[in-house]
Amino acid sequence: MMPPDDSRPRITRRTLLKAGVAGGAVLLAARWLTTDPTRTPSPGALDEPARGIVASIVPAMLSGALPAHATQPDRAQLVDAVVDNVDRAVAALPPAARKELEQLFALLAFVPSRCLLAGIWSPWNDASTESITAFLAAWRDSRFGLQRSAYGALHQLIMAAWYGSPQAWPAIGYPGPPVLESA
């Protein structure tokens, strides 16, 4: 029998608790610093910063799915439609899931955490598709389950928002839902 490999770093309960408290403090600070008391809330589940983040991520995540032949105004309309669909999907989620997404978007909107955790140094609307794609790949392949989970949530929301829309159906050969005739 071989002895256990002790060269791996060990995570103690104390280290885990410290990381949890530090993460909670960062989320609280991000939420507190990004909340504008004079701002009127948006009518949907996503606030304006979250809508901007989703609008910036959509072209990177749907790079092969959005029509390449679409003109810029048409492409912008498609991205806006996906953002609206994500907003509706988030509004339909249970309160706990909405709260977690709100915290994720607050973290991504907070400049220091956006730079350090996402590697996006410019504002979301100025970030290149390449840098956003690199951020998404890093979170998808992260060794941290929380980042992989956040990527999965963004991926599922955006993919469902796009492929649930009639604009995406022709590209995948889906004729739409069957029409039921009344007897």
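From the N terminus on, the elements of the chain run α-α-α-α-α-α-α-α. The structure is a predicted model, and its chain holds 8 helices and 0 strands. Of the 183 residues in the chain, 31% are buried. Among contacts between residues at least 6 apart in sequence, 62% join residues at least 24 apart.

Helix 7 covers residues 145-163. At 1.5 Å a residue, its 19 residues should span 27 Å, and the end C-alpha atoms are 26 Å apart, which agrees. The buried residues of helix 7 are Gln147, Ala150, Tyr151, Leu154, Leu157, Ile158, Ala161 and Trp162. They cover an arc of only 135° around the axis, and therefore lie on the same side of helix 7. On the other side of this helix, Gln156 and Ala160 are exposed.

### Two helix pairs

Two packed helices are described by the angle between their axes and the distance between the axes. The table gives both values for two pairs in this model.

| Helix pair | Angle between axes | Distance between axes |
|---|---|---|
| Helix 4 (residues 95-109) and helix 7 | about 105° | 11 Å |
| Helix 2 (residues 48-61) and helix 6 | about 85° | 9 Å |

Helix 4 and helix 7 pack at an angle of about 105°, which means that helix 4 is roughly perpendicular to helix 7. On the side of helix 4, the contact is made by Leu101, Leu104 and Phe105, and helix 7 contributes Ala150, Ala153, Leu154 and Leu157. By class, this contact of helix 4 with helix 7 has 7 nonpolar, no polar and no charged residues. Ala150, Leu154 and Leu157 are also among the buried residues of helix 7.

For the second pair, the angle of about 85° makes helix 2 roughly perpendicular to helix 6. Here Ser56, Ile57, Ala60 and Met61 in helix 2 meet Thr129, Ile132, Thr133, Phe135 and Leu136 in helix 6. By class, the contact of helix 2 with helix 6 has 6 nonpolar, 3 polar and no charged residues.

### Individual residues

Arginine 140 lies in helix 6, which comprises residues 129-140. Not counting residues up to four places away in sequence, arginine 140 touches Arg148 and Tyr151; Tyr151 is one of the buried residues of helix 7. The C-alpha atoms of arginine 140 and alanine 150 are separated by 8.5 Å, and the two residues are 10 residues apart along the chain.

Asparagine 85 belongs to helix 3, residues 72-91. Its relative accessible area is 18%, so asparagine 85 is buried, the cut-off being under 20%. Leaving aside its neighbours within four places in sequence, asparagine 85 is in contact with Ala161 and Ser165. Ala161 is itself among the buried residues of helix 7.

Serine 113 is found in helix 5, which spans residues 111-118. Serine 113 is buried, with a relative accessible area of 6%. When its neighbours within four places in sequence are left aside, serine 113 is in contact with Leu107 and Ala118.

Conventions:
Residues numbered from 1 in each chain as written. Predicted model: local features only at pLDDT ≥ 70, side-chain atom pairs only at ≥ 80, totals over all residues. Heavy atoms only, no water. Helix = DSSP H or I, 4+ residues; strand = E, 2+ residues; numbered from the N terminus. Expected span 1.5 Å × (residues − 1). Buried < 20%, exposed > 50% of the residue type's maximum accessible area, 1.4 Å probe, protein only. Arc of directions from axis to C-beta. Axes fitted to C-alpha atoms, helices over the stretch in contact; angles between N-to-C directions. Parallel < 35°, antiparallel > 145°, perpendicular 65-115°, else oblique. Contact = heavy atoms within 4.5 Å. Nonpolar A, V, L, I, M, F, W, Y, C, P; charged D, E, K, R; others polar.
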